[in-house]
Amino acid sequence: MTHQSTSLEFTERMAGHFIEKQFTLSANSPLKRNDFVQIEEANERTPFEFTLTIKVNDLDQFIVDPLLQAIAFGKITNFQGGQDLTVETGLFNLFVRSEASPDLDTAKEMHYTLFLKDSQGKAWTFFGFKEVLKEDSFEMWNQTTTLYYYLWEGHSTFDHPANKKVQGVGILRISVSDFIKQLGTFKSNAPSALEEQNAVIKFLNVFASNLWVAYAPFIFTTTSARWNEHLFPVNSTQGVALGEKHLYPLDTQDGLTISVQRFKAKETKNVVLLLHGLTTSTDMYIMPEHQNFVNYLHANGFTDVWSLDWRGSGRFVYNLMPHRYNIDDIAKNDIPKAIEFIRQACGEDVKIHVVSHCVGSLSFMASLAAGHVKGIASVISNSVSLTPKVRWQAFLKMIFGPELLEYLFGYAYISPRMPYFPGPGFGKWLYWMERGIRHECKEPACHLVSFMWGWGYPAAYVHRNIHPTTHRRLADLFGGTSFHYYRHIRKMLFAKASVSFDKKTNYLQESQKRDLPPILFISGSENNIFPGSNKMTYEALKTGKNASRVQYLEFPGYGHQDTFMGQYSHIEVFPKLLAFLKEQKV
Ligand SMILES: [Zn+2]
(Lines give C-alpha, C1' and ligand atoms only; values in the text may rest on other atoms or scores of the structure.)
Protein backbone atom coordinates (compact mmCIF):
# COMPACT_ATOMS: atom_id res chain seq x y z
CA MET A 1 0.00 0.00 0.00
CA THR A 2 1.43 3.39 -0.90
CA HIS A 3 1.50 6.12 1.71
CA GLN A 4 -1.19 8.68 1.14
CA SER A 5 0.10 12.09 2.22
CA THR A 6 -2.22 14.36 4.14
CA SER A 7 -2.69 17.83 2.74
CA LEU A 8 -4.00 20.86 4.55
CA GLU A 9 -5.08 24.26 3.31
CA PHE A 10 -6.63 27.44 4.58
CA THR A 11 -7.57 30.77 3.09
CA GLU A 12 -6.52 34.09 4.51
CA ARG A 13 -7.55 37.64 3.70
CA MET A 14 -5.27 40.51 4.63
CA ALA A 15 -6.06 44.16 4.03
CA GLY A 16 -4.34 47.49 4.45
CA HIS A 17 -2.64 50.03 2.24
CA PHE A 18 -0.25 50.48 -0.63
CA ILE A 19 2.07 53.44 -0.71
CA GLU A 20 3.75 54.29 -3.97
CA LYS A 21 7.45 54.65 -3.23
CA GLN A 22 10.29 54.00 -5.62
CA PHE A 23 13.70 52.95 -4.36
CA THR A 24 16.35 50.31 -4.83
CA LEU A 25 16.35 47.62 -2.20
CA SER A 26 19.42 45.56 -1.44
CA ALA A 27 19.02 42.48 0.72
CA ASN A 28 21.54 43.72 3.28
CA SER A 29 19.78 47.03 3.97
CA PRO A 30 16.10 46.19 4.46
CA LEU A 31 13.57 48.59 5.97
CA LYS A 32 12.81 48.45 9.68
CA ARG A 33 9.29 48.03 11.04
CA ASN A 34 9.33 51.69 11.98
CA ASP A 35 10.31 52.71 8.46
CA PHE A 36 7.17 51.03 7.14
CA VAL A 37 5.06 52.82 9.75
CA GLN A 38 6.65 56.20 8.99
CA ILE A 39 6.27 55.78 5.24
CA GLU A 40 2.64 54.89 5.73
CA GLU A 41 1.98 57.91 7.93
CA ALA A 42 3.77 60.41 5.71
CA ASN A 43 2.41 59.45 2.28
CA GLU A 44 -0.76 59.08 0.32
CA ARG A 45 -2.09 55.56 0.49
CA THR A 46 -4.47 53.47 -1.55
CA PRO A 47 -6.39 50.44 -0.28
CA PHE A 48 -4.69 47.09 -0.84
CA GLU A 49 -5.79 43.55 -0.08
CA PHE A 50 -5.17 39.96 -0.98
CA THR A 51 -6.89 36.68 -0.53
CA LEU A 52 -4.51 33.75 -0.47
CA THR A 53 -4.93 30.06 -0.07
CA ILE A 54 -1.98 28.48 1.69
CA LYS A 55 -1.61 24.81 0.94
CA VAL A 56 0.59 22.23 2.59
CA ASN A 57 0.71 19.24 0.26
CA ASP A 58 2.27 16.81 2.69
CA LEU A 59 1.77 17.75 6.30
CA ASP A 60 4.30 15.24 7.69
CA GLN A 61 6.95 16.55 5.32
CA PHE A 62 6.07 20.16 6.18
CA ILE A 63 6.55 19.55 9.90
CA VAL A 64 10.14 18.35 9.48
CA ASP A 65 11.07 20.96 6.83
CA PRO A 66 13.31 23.56 8.52
CA LEU A 67 11.88 26.23 6.21
CA LEU A 68 8.29 25.20 7.02
CA GLN A 69 7.43 25.92 3.42
CA ALA A 70 4.00 25.76 1.82
CA ILE A 71 2.63 26.94 -1.49
CA ALA A 72 0.32 29.90 -1.88
CA PHE A 73 -2.12 30.87 -4.57
CA GLY A 74 -4.71 33.56 -5.03
CA LYS A 75 -4.68 37.19 -6.03
CA ILE A 76 -4.28 40.79 -5.05
CA THR A 77 -7.55 42.49 -5.89
CA ASN A 78 -8.33 46.04 -6.91
CA PHE A 79 -4.70 47.11 -7.16
CA GLN A 80 -4.38 50.88 -7.74
CA GLY A 81 -7.98 51.41 -8.55
CA GLY A 82 -8.98 48.36 -10.47
CA GLN A 83 -6.74 45.66 -11.76
CA ASP A 84 -6.04 42.30 -10.20
CA LEU A 85 -2.56 40.86 -9.81
CA THR A 86 -2.62 37.09 -10.11
CA VAL A 87 -0.23 34.85 -8.22
CA GLU A 88 1.70 32.68 -10.68
CA THR A 89 3.86 31.02 -8.04
CA GLY A 90 3.60 31.67 -4.34
CA LEU A 91 5.64 30.48 -1.38
CA PHE A 92 4.77 30.75 2.26
CA ASN A 93 7.21 30.06 5.12
CA LEU A 94 5.50 29.64 8.44
CA PHE A 95 8.46 30.35 10.75
CA VAL A 96 11.93 30.98 9.42
CA ARG A 97 15.09 32.43 10.82
CA SER A 98 14.93 36.17 10.63
CA GLU A 99 16.53 37.91 7.70
CA ALA A 100 13.98 40.39 6.34
CA SER A 101 13.76 42.43 9.53
CA PRO A 102 16.79 44.35 10.76
CA ASP A 103 15.34 44.38 14.29
CA LEU A 104 17.91 42.96 16.75
CA ASP A 105 15.33 40.98 18.72
CA THR A 106 13.42 39.27 15.95
CA ALA A 107 13.21 35.57 16.80
CA LYS A 108 11.25 34.24 13.81
CA GLU A 109 9.63 35.56 10.68
CA MET A 110 6.79 34.43 8.44
CA HIS A 111 7.50 35.06 4.77
CA TYR A 112 5.13 35.51 1.85
CA THR A 113 6.81 35.51 -1.56
CA LEU A 114 4.34 35.93 -4.44
CA PHE A 115 5.39 36.08 -8.09
CA LEU A 116 2.61 38.03 -9.77
CA LYS A 117 1.49 39.12 -13.18
CA ASP A 118 -0.68 42.16 -13.93
CA SER A 119 -3.27 42.43 -16.72
CA GLN A 120 -0.61 43.71 -19.19
CA GLY A 121 1.51 40.67 -18.46
CA LYS A 122 4.11 42.59 -16.46
CA ALA A 123 5.92 40.64 -13.72
CA TRP A 124 5.86 41.76 -10.09
CA THR A 125 7.06 40.31 -6.81
CA PHE A 126 5.20 40.76 -3.55
CA PHE A 127 7.40 40.02 -0.56
CA GLY A 128 5.95 40.36 2.93
CA PHE A 129 7.07 39.35 6.38
CA LYS A 130 5.54 39.09 9.83
CA GLU A 131 7.97 39.14 12.70
CA VAL A 132 7.88 37.55 16.12
CA LEU A 133 10.05 39.27 18.71
CA LYS A 134 11.90 37.39 21.43
CA GLU A 135 10.05 37.00 24.74
CA ASP A 136 7.43 39.54 23.68
CA SER A 137 4.25 37.50 24.18
CA PHE A 138 2.04 40.52 25.03
CA GLU A 139 2.38 41.53 21.41
CA MET A 140 1.51 38.08 20.06
CA TRP A 141 -1.71 39.03 18.27
CA ASN A 142 -0.20 42.14 16.68
CA GLN A 143 2.95 40.41 15.57
CA THR A 144 1.32 37.34 14.05
CA THR A 145 -1.29 39.34 12.14
CA THR A 146 0.74 42.29 10.79
CA LEU A 147 2.48 41.91 7.47
CA TYR A 148 5.08 44.40 6.20
CA TYR A 149 5.50 44.15 2.46
CA TYR A 150 7.33 45.37 -0.60
CA LEU A 151 6.20 45.23 -4.22
CA TRP A 152 9.03 45.22 -6.75
CA GLU A 153 9.37 44.79 -10.49
CA GLY A 154 10.25 41.41 -11.95
CA HIS A 155 10.44 38.07 -10.20
CA SER A 156 13.11 37.66 -7.53
CA THR A 157 13.22 36.31 -4.00
CA PHE A 158 14.13 38.54 -1.06
CA ASP A 159 17.44 36.80 -0.40
CA HIS A 160 18.55 36.99 -4.04
CA PRO A 161 21.59 39.30 -4.02
CA ALA A 162 20.47 41.42 -7.01
CA ASN A 163 19.03 44.82 -6.14
CA LYS A 164 15.29 45.23 -6.50
CA LYS A 165 13.39 48.10 -8.07
CA VAL A 166 10.73 48.63 -5.44
CA GLN A 167 7.59 50.45 -6.59
CA GLY A 168 5.78 50.55 -3.29
CA VAL A 169 5.45 49.27 0.26
CA GLY A 170 2.73 48.87 2.84
CA ILE A 171 1.37 47.20 5.94
CA LEU A 172 -1.47 44.63 5.92
CA ARG A 173 -3.42 43.24 8.83
CA ILE A 174 -5.85 40.44 9.53
CA SER A 175 -9.00 41.67 11.21
CA VAL A 176 -10.54 39.67 14.04
CA SER A 177 -13.59 38.84 11.91
CA ASP A 178 -11.41 37.69 9.00
CA PHE A 179 -9.39 35.60 11.43
CA ILE A 180 -12.52 33.85 12.68
CA LYS A 181 -13.52 33.22 9.07
CA GLN A 182 -10.02 31.88 8.35
CA LEU A 183 -10.39 29.27 11.08
CA GLY A 184 -13.41 27.95 9.22
CA THR A 185 -11.49 27.52 5.97
CA PHE A 186 -9.20 24.67 7.06
CA LYS A 187 -9.56 21.83 4.58
CA SER A 188 -7.76 18.55 4.19
CA ASN A 189 -7.79 15.51 1.91
CA ALA A 190 -8.04 13.27 4.97
CA PRO A 191 -10.52 10.43 4.47
CA SER A 192 -12.50 11.12 7.64
CA ALA A 193 -13.59 14.09 9.71
CA LEU A 194 -11.53 12.81 12.63
CA GLU A 195 -8.37 12.60 10.55
CA GLU A 196 -9.04 16.06 9.16
CA GLN A 197 -9.32 17.36 12.70
CA ASN A 198 -6.02 15.64 13.55
CA ALA A 199 -4.34 17.33 10.60
CA VAL A 200 -5.49 20.76 11.77
CA ILE A 201 -4.26 19.99 15.29
CA LYS A 202 -0.86 18.92 13.92
CA PHE A 203 -0.57 22.20 12.02
CA LEU A 204 -1.61 24.32 15.00
CA ASN A 205 0.88 22.41 17.12
CA VAL A 206 3.74 23.46 14.84
CA PHE A 207 2.44 27.01 15.04
CA ALA A 208 2.22 26.96 18.83
CA SER A 209 5.57 25.29 19.41
CA ASN A 210 7.34 27.86 17.25
CA LEU A 211 5.60 30.66 19.12
CA TRP A 212 6.67 29.04 22.39
CA VAL A 213 10.32 28.97 21.31
CA ALA A 214 10.14 32.63 20.36
CA TYR A 215 8.04 33.99 23.20
CA ALA A 216 8.86 31.89 26.24
CA PRO A 217 11.62 33.13 28.51
CA PHE A 218 15.00 32.01 27.25
CA ILE A 219 15.62 29.72 30.22
CA PHE A 220 12.91 27.32 28.99
CA THR A 221 13.85 27.32 25.35
CA THR A 222 17.56 26.54 25.16
CA THR A 223 17.08 23.46 23.11
CA SER A 224 19.75 21.58 21.23
CA ALA A 225 18.26 23.06 18.04
CA ARG A 226 20.05 26.31 18.88
CA TRP A 227 23.47 24.71 19.20
CA ASN A 228 23.87 23.94 15.52
CA GLU A 229 22.72 27.33 14.37
CA HIS A 230 25.56 29.14 12.60
CA LEU A 231 24.53 31.90 10.22
CA PHE A 232 27.88 31.51 8.50
CA PRO A 233 30.15 28.49 8.75
CA VAL A 234 32.29 28.87 11.88
CA ASN A 235 35.61 30.63 11.03
CA SER A 236 34.58 30.87 7.40
CA THR A 237 36.74 32.99 5.08
CA GLN A 238 33.89 33.44 2.59
CA GLY A 239 33.74 37.14 3.51
CA VAL A 240 37.03 37.77 1.68
CA ALA A 241 36.20 38.47 -1.95
CA LEU A 242 39.55 38.39 -3.71
CA GLY A 243 42.77 36.47 -3.91
CA GLU A 244 44.42 33.49 -2.28
CA LYS A 245 43.63 32.44 1.27
CA HIS A 246 46.20 30.41 3.17
CA LEU A 247 46.24 29.31 6.79
CA TYR A 248 49.63 28.62 8.39
CA PRO A 249 49.80 26.95 11.81
CA LEU A 250 52.83 28.10 13.83
CA ASP A 251 54.29 26.46 16.92
CA THR A 252 55.35 28.78 19.70
CA GLN A 253 58.44 28.04 21.79
CA ASP A 254 56.32 27.53 24.90
CA GLY A 255 54.22 24.75 23.41
CA LEU A 256 51.13 26.16 21.75
CA THR A 257 49.97 26.25 18.17
CA ILE A 258 48.82 29.61 16.87
CA SER A 259 48.14 30.54 13.24
CA VAL A 260 48.55 33.25 10.67
CA GLN A 261 46.18 33.60 7.80
CA ARG A 262 47.22 35.27 4.59
CA PHE A 263 44.78 37.01 2.26
CA LYS A 264 46.79 37.88 -0.83
CA ALA A 265 45.10 39.55 -3.78
CA LYS A 266 48.37 40.82 -5.29
CA GLU A 267 52.07 40.86 -4.40
CA THR A 268 53.16 44.04 -2.60
CA LYS A 269 56.02 45.10 -0.35
CA ASN A 270 53.63 46.89 2.02
CA VAL A 271 51.85 44.17 3.92
CA VAL A 272 49.34 44.67 6.71
CA LEU A 273 49.31 42.45 9.80
CA LEU A 274 46.05 42.33 11.77
CA LEU A 275 45.77 41.42 15.45
CA HIS A 276 42.33 40.65 16.90
CA GLY A 277 41.24 41.18 20.52
CA LEU A 278 40.96 38.62 23.32
CA THR A 279 38.35 35.90 22.50
CA THR A 280 37.66 37.28 19.01
CA SER A 281 39.71 36.07 16.06
CA THR A 282 40.62 36.81 12.46
CA ASP A 283 36.84 36.56 11.93
CA MET A 284 36.39 40.13 13.21
CA TYR A 285 38.20 41.46 10.11
CA ILE A 286 36.52 39.26 7.48
CA MET A 287 32.83 39.34 8.32
CA PRO A 288 30.67 38.28 5.37
CA GLU A 289 27.52 40.13 6.48
CA HIS A 290 28.90 43.51 5.39
CA GLN A 291 31.97 45.14 3.88
CA ASN A 292 34.96 44.11 6.00
CA PHE A 293 38.45 45.46 6.68
CA VAL A 294 40.35 42.89 4.60
CA ASN A 295 38.21 43.55 1.50
CA TYR A 296 38.54 47.27 2.09
CA LEU A 297 42.35 47.05 2.26
CA HIS A 298 42.46 44.83 -0.84
CA ALA A 299 40.37 47.33 -2.79
CA ASN A 300 42.59 50.24 -1.74
CA GLY A 301 46.09 49.12 -2.58
CA PHE A 302 46.98 47.01 0.46
CA THR A 303 46.66 43.73 -1.36
CA ASP A 304 48.61 41.43 0.96
CA VAL A 305 46.95 41.19 4.35
CA TRP A 306 47.97 38.82 7.12
CA SER A 307 46.01 38.10 10.25
CA LEU A 308 47.52 36.55 13.36
CA ASP A 309 45.38 34.34 15.53
CA TRP A 310 47.47 34.74 18.67
CA ARG A 311 46.85 32.47 21.66
CA GLY A 312 43.79 34.36 22.93
CA SER A 313 41.88 33.70 19.70
CA GLY A 314 38.37 32.29 19.99
CA ARG A 315 39.47 29.65 17.50
CA PHE A 316 41.68 27.73 19.96
CA VAL A 317 40.26 25.14 22.35
CA TYR A 318 43.11 25.55 24.84
CA ASN A 319 41.41 28.77 25.93
CA LEU A 320 38.68 26.62 27.46
CA MET A 321 41.17 24.96 29.80
CA PRO A 322 42.74 26.37 32.94
CA HIS A 323 46.07 28.07 32.12
CA ARG A 324 48.41 30.75 33.33
CA TYR A 325 49.35 32.57 30.13
CA ASN A 326 49.60 36.32 30.31
CA ILE A 327 50.18 39.24 27.97
CA ASP A 328 53.99 38.94 28.24
CA ASP A 329 53.73 35.46 26.70
CA ILE A 330 51.89 36.84 23.69
CA ALA A 331 54.39 39.68 23.34
CA LYS A 332 57.39 37.39 23.64
CA ASN A 333 56.25 34.29 21.74
CA ASP A 334 53.30 34.82 19.40
CA ILE A 335 53.96 38.20 17.83
CA PRO A 336 57.70 37.78 17.04
CA LYS A 337 56.93 34.33 15.62
CA ALA A 338 54.34 35.75 13.21
CA ILE A 339 56.58 38.65 12.13
CA GLU A 340 59.48 36.29 11.52
CA PHE A 341 57.23 34.05 9.41
CA ILE A 342 55.96 36.98 7.31
CA ARG A 343 59.54 38.14 6.68
CA GLN A 344 60.50 34.63 5.59
CA ALA A 345 57.52 34.47 3.22
CA CYS A 346 57.73 38.00 1.77
CA GLY A 347 61.45 38.81 2.01
CA GLU A 348 63.44 40.72 4.62
CA ASP A 349 62.74 44.04 2.83
CA VAL A 350 58.98 43.74 3.38
CA LYS A 351 57.31 46.69 5.15
CA ILE A 352 54.95 45.50 7.86
CA HIS A 353 52.09 47.75 8.93
CA VAL A 354 50.35 46.48 12.05
CA VAL A 355 46.67 47.08 12.85
CA SER A 356 45.88 45.87 16.33
CA HIS A 357 42.86 45.76 18.56
CA CYS A 358 42.36 45.55 22.36
CA VAL A 359 44.52 42.86 24.02
CA GLY A 360 46.11 42.30 20.59
CA SER A 361 47.19 45.94 20.77
CA LEU A 362 48.25 45.75 24.44
CA SER A 363 50.41 42.75 23.53
CA PHE A 364 51.84 44.25 20.37
CA MET A 365 52.81 47.49 22.12
CA ALA A 366 54.43 45.44 24.89
CA SER A 367 56.32 43.46 22.27
CA LEU A 368 57.53 46.67 20.65
CA ALA A 369 58.47 48.21 24.02
CA ALA A 370 60.43 45.15 25.10
CA GLY A 371 62.26 45.03 21.78
CA HIS A 372 60.85 41.61 20.79
CA VAL A 373 59.92 43.03 17.38
CA LYS A 374 61.80 45.60 15.35
CA GLY A 375 61.61 47.36 11.99
CA ILE A 376 57.82 47.82 11.93
CA ALA A 377 56.70 50.35 9.28
CA SER A 378 53.64 51.69 11.11
CA VAL A 379 51.05 50.83 13.74
CA ILE A 380 47.34 51.49 14.20
CA SER A 381 46.22 50.70 17.73
CA ASN A 382 42.56 50.53 18.68
CA SER A 383 41.11 51.15 22.14
CA VAL A 384 44.02 50.35 24.46
CA SER A 385 47.80 50.18 24.24
CA LEU A 386 50.11 51.37 27.03
CA THR A 387 47.80 52.97 29.62
CA PRO A 388 44.77 50.74 30.26
CA LYS A 389 41.92 52.45 32.09
CA VAL A 390 38.43 51.07 32.76
CA ARG A 391 35.22 52.38 34.33
CA TRP A 392 34.99 51.89 38.10
CA GLN A 393 32.24 49.27 37.78
CA ALA A 394 34.44 47.24 35.45
CA PHE A 395 37.35 47.71 37.84
CA LEU A 396 35.27 46.15 40.65
CA LYS A 397 34.51 43.19 38.40
CA MET A 398 38.23 42.84 37.66
CA ILE A 399 39.15 42.93 41.36
CA PHE A 400 36.84 40.13 42.44
CA GLY A 401 35.79 38.33 39.25
CA PRO A 402 38.74 36.08 38.38
CA GLU A 403 39.06 34.56 41.86
CA LEU A 404 35.32 34.25 42.44
CA LEU A 405 34.69 32.54 39.13
CA GLU A 406 37.74 30.33 39.22
CA TYR A 407 37.96 29.25 42.86
CA LEU A 408 34.48 29.73 44.29
CA PHE A 409 32.39 28.65 41.30
CA GLY A 410 35.04 26.36 39.88
CA TYR A 411 34.94 27.54 36.29
CA ALA A 412 38.03 27.30 34.12
CA TYR A 413 36.76 29.84 31.65
CA ILE A 414 33.88 32.10 30.70
CA SER A 415 32.21 32.34 27.31
CA PRO A 416 29.19 34.06 25.70
CA ARG A 417 27.93 30.56 24.92
CA MET A 418 27.36 29.68 28.59
CA PRO A 419 23.68 30.69 28.71
CA TYR A 420 23.07 28.24 25.86
CA PHE A 421 24.40 25.28 27.84
CA PRO A 422 21.83 22.60 28.71
CA GLY A 423 19.84 22.90 31.89
CA PRO A 424 19.49 25.71 34.41
CA GLY A 425 23.23 25.96 35.11
CA PHE A 426 25.68 28.71 35.92
CA GLY A 427 25.41 30.36 32.49
CA LYS A 428 21.67 30.85 32.95
CA TRP A 429 22.24 32.49 36.32
CA LEU A 430 24.76 34.87 34.83
CA TYR A 431 22.32 35.62 32.04
CA TRP A 432 19.41 36.34 34.39
CA MET A 433 21.62 38.50 36.56
CA GLU A 434 22.57 40.58 33.52
CA ARG A 435 19.02 40.53 32.20
CA GLY A 436 17.90 42.18 35.43
CA ILE A 437 19.90 45.31 34.60
CA ARG A 438 19.80 45.19 30.79
CA HIS A 439 16.97 46.32 28.58
CA GLU A 440 18.96 47.16 25.47
CA CYS A 441 18.25 43.81 23.78
CA LYS A 442 17.30 40.20 24.51
CA GLU A 443 20.29 38.36 23.14
CA PRO A 444 21.92 36.20 25.84
CA ALA A 445 25.33 36.22 24.10
CA CYS A 446 25.20 40.05 23.94
CA HIS A 447 24.60 40.21 27.71
CA LEU A 448 27.45 37.80 28.39
CA VAL A 449 29.84 39.87 26.25
CA SER A 450 28.81 42.87 28.38
CA PHE A 451 29.34 40.80 31.53
CA MET A 452 32.82 39.77 30.42
CA TRP A 453 34.07 43.17 29.29
CA GLY A 454 33.77 46.70 30.58
CA TRP A 455 30.61 48.42 31.69
CA GLY A 456 27.90 49.73 29.39
CA TYR A 457 24.56 48.97 27.76
CA PRO A 458 25.86 47.10 25.81
CA ALA A 459 29.52 47.35 26.78
CA ALA A 460 31.52 46.29 23.76
CA TYR A 461 29.81 48.22 20.94
CA VAL A 462 27.04 50.61 20.08
CA HIS A 463 24.02 48.59 18.87
CA ARG A 464 23.33 50.96 15.97
CA ASN A 465 26.68 50.04 14.43
CA ILE A 466 26.21 46.27 14.66
CA HIS A 467 24.53 44.43 11.79
CA PRO A 468 21.54 42.33 12.97
CA THR A 469 23.26 39.22 11.60
CA THR A 470 26.36 40.00 13.67
CA HIS A 471 24.16 40.38 16.73
CA ARG A 472 22.62 36.95 16.04
CA ARG A 473 26.00 35.25 15.74
CA LEU A 474 27.85 36.90 18.63
CA ALA A 475 28.48 33.51 20.21
CA ASP A 476 30.40 32.50 17.07
CA LEU A 477 32.40 35.74 16.98
CA PHE A 478 33.30 36.02 20.67
CA GLY A 479 34.78 32.89 22.23
CA GLY A 480 35.75 31.88 25.74
CA THR A 481 38.76 32.76 27.86
CA SER A 482 40.13 31.69 31.21
CA PHE A 483 40.77 34.39 33.78
CA HIS A 484 44.49 34.94 33.86
CA TYR A 485 44.60 37.68 31.22
CA TYR A 486 42.19 39.64 33.43
CA ARG A 487 44.70 39.32 36.30
CA HIS A 488 47.44 40.79 34.15
CA ILE A 489 45.26 43.70 33.05
CA ARG A 490 44.31 44.20 36.71
CA LYS A 491 48.02 44.66 37.55
CA MET A 492 48.26 47.24 34.78
CA LEU A 493 45.22 49.10 36.15
CA PHE A 494 46.82 49.30 39.59
CA ALA A 495 50.14 50.40 38.03
CA LYS A 496 48.31 52.96 35.81
CA ALA A 497 50.41 51.76 32.88
CA SER A 498 51.09 48.64 30.89
CA VAL A 499 53.54 46.56 32.94
CA SER A 500 54.90 43.04 32.72
CA PHE A 501 53.23 40.41 34.87
CA ASP A 502 56.14 40.46 37.34
CA LYS A 503 55.87 44.30 37.32
CA LYS A 504 59.59 44.58 36.59
CA THR A 505 59.11 46.12 33.16
CA ASN A 506 57.00 49.21 32.61
CA TYR A 507 56.12 49.03 28.91
CA LEU A 508 54.99 52.65 28.82
CA GLN A 509 58.35 53.89 30.14
CA GLU A 510 60.25 51.54 27.81
CA SER A 511 58.24 52.93 24.86
CA GLN A 512 59.08 56.48 25.88
CA LYS A 513 62.78 55.60 25.63
CA ARG A 514 62.61 53.93 22.22
CA ASP A 515 62.29 55.31 18.72
CA LEU A 516 58.81 54.14 17.85
CA PRO A 517 57.39 53.69 14.35
CA PRO A 518 54.60 56.09 13.30
CA ILE A 519 51.56 55.16 15.41
CA LEU A 520 47.92 56.12 15.02
CA PHE A 521 46.04 55.59 18.28
CA ILE A 522 42.30 55.33 17.80
CA SER A 523 39.19 54.87 19.94
CA GLY A 524 35.44 55.20 19.68
CA SER A 525 34.03 58.14 21.63
CA GLU A 526 31.63 55.69 23.36
CA ASN A 527 34.31 53.18 24.32
CA ASN A 528 32.93 51.47 27.44
CA ILE A 529 35.72 48.96 27.87
CA PHE A 530 38.86 51.09 27.87
CA PRO A 531 37.42 54.64 27.83
CA GLY A 532 40.03 57.31 27.21
CA SER A 533 42.90 54.81 27.39
CA ASN A 534 44.42 55.40 23.99
CA LYS A 535 44.10 59.16 24.33
CA MET A 536 46.13 58.89 27.56
CA THR A 537 48.82 56.87 25.80
CA TYR A 538 48.96 59.41 23.00
CA GLU A 539 49.33 62.22 25.52
CA ALA A 540 52.07 60.35 27.37
CA LEU A 541 54.04 59.87 24.14
CA LYS A 542 53.50 63.21 22.43
CA THR A 543 55.69 65.11 24.87
CA GLY A 544 58.76 62.92 24.37
CA LYS A 545 61.09 61.90 21.56
CA ASN A 546 58.27 60.25 19.60
CA ALA A 547 56.17 63.43 19.49
CA SER A 548 56.25 63.75 15.71
CA ARG A 549 55.36 60.11 15.17
CA VAL A 550 52.19 59.70 17.21
CA GLN A 551 48.64 60.71 16.31
CA TYR A 552 45.25 60.23 17.94
CA LEU A 553 41.84 59.91 16.31
CA GLU A 554 38.43 59.43 17.89
CA PHE A 555 35.37 58.10 16.08
CA PRO A 556 32.15 59.72 17.32
CA GLY A 557 29.33 57.30 18.08
CA TYR A 558 31.61 54.26 18.16
CA GLY A 559 32.44 51.95 21.01
CA HIS A 560 35.25 49.47 21.51
CA GLN A 561 34.66 46.69 19.00
CA ASP A 562 32.41 48.24 16.35
CA THR A 563 35.22 50.35 14.87
CA PHE A 564 36.21 47.17 13.02
CA MET A 565 33.08 45.02 13.32
CA GLY A 566 30.52 47.70 12.45
CA GLN A 567 28.20 47.63 9.48
CA TYR A 568 29.08 51.24 8.55
CA SER A 569 32.79 51.07 9.41
CA HIS A 570 33.80 51.03 5.74
CA ILE A 571 32.18 54.47 5.41
CA GLU A 572 32.74 55.98 8.85
CA VAL A 573 36.03 54.48 10.08
CA PHE A 574 38.18 52.71 7.47
CA PRO A 575 38.80 55.75 5.19
CA LYS A 576 40.66 57.49 8.05
CA LEU A 577 42.74 54.37 8.74
CA LEU A 578 43.51 54.05 5.05
CA ALA A 579 44.66 57.68 4.85
CA PHE A 580 47.16 56.98 7.65
CA LEU A 581 48.37 53.75 6.05
CA LYS A 582 48.85 55.48 2.69
CA GLU A 583 51.03 58.12 4.34
CA GLN A 584 53.21 55.36 5.80
CA LYS A 585 53.47 53.38 2.59
CA VAL A 586 57.06 53.13 1.43
ZN1 LIG B 1 22.56 43.29 22.08
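Predicted model: local features only at pLDDT ≥ 70, side-chain atom pairs only at ≥ 80, totals over all residues.
Reader: Which residues of H11 are buried, and what makes a residue count as buried?

Author: A residue is called buried if 20 or more other C-beta atoms lie within 10 Å of its own, and in H11 that term applies to Pro444, Ala445, Cys446, His447, Leu448, Val449, Ser450, Phe451 and Met452. These buried residues pack against H10, helix H12 (468-472) and helix H13 (474-477).

Reader: How are H10 and H11 set relative to each other, and why is that term used?

Author: Helix H10 (residues 426-437) and helix H11 (residues 444-452) pack at an angle of about 85°, with their axes 9 Å apart. Angles of 65 to 115 degrees count as roughly perpendicular, and H10 and H11 are therefore described in that way. Leu430, Tyr431, Glu434 and Arg435 in H10 meet Pro444, His447, Leu448, Ser450 and Phe451 in H11; by class, this contact has five nonpolar, two polar and two charged residues.

Reader: Which residues have the most contacts inside the largest nonpolar core, and what makes one say where this core lies relative to domain 2 and domain 3?

Author: The largest nonpolar core has 92 residues, and Leu273 and Val449 have the most contacts inside it. Helix H8 (residues 358-369) gives the most to this core, with eight residues. Because domain 2 (247-388 + 505-584) and domain 3 (392-477) both give residues to this core, it lies between them.

How values were computed. Residues numbered from 1 in each chain as written. Axes fitted to C-alpha atoms, helices over the stretch in contact; angles between N-to-C directions. Helix = DSSP H or I, 4+ residues; strand = E, 2+ residues; numbered from the N terminus. Parallel < 35°, antiparallel > 145°, perpendicular 65-115°, else oblique. Contact = placed C-beta atoms within 7 Å. Nonpolar A, V, L, I, M, F, W, Y, C, P; charged D, E, K, R; others polar. Core = buried A, V, L, I, M, F, W, Y, C linked by C-beta atoms within 7 Å. Buried ≥ 20, exposed ≤ 12 C-beta atoms within 10 Å, placed from the backbone. Domains from an automatic or database assignment.
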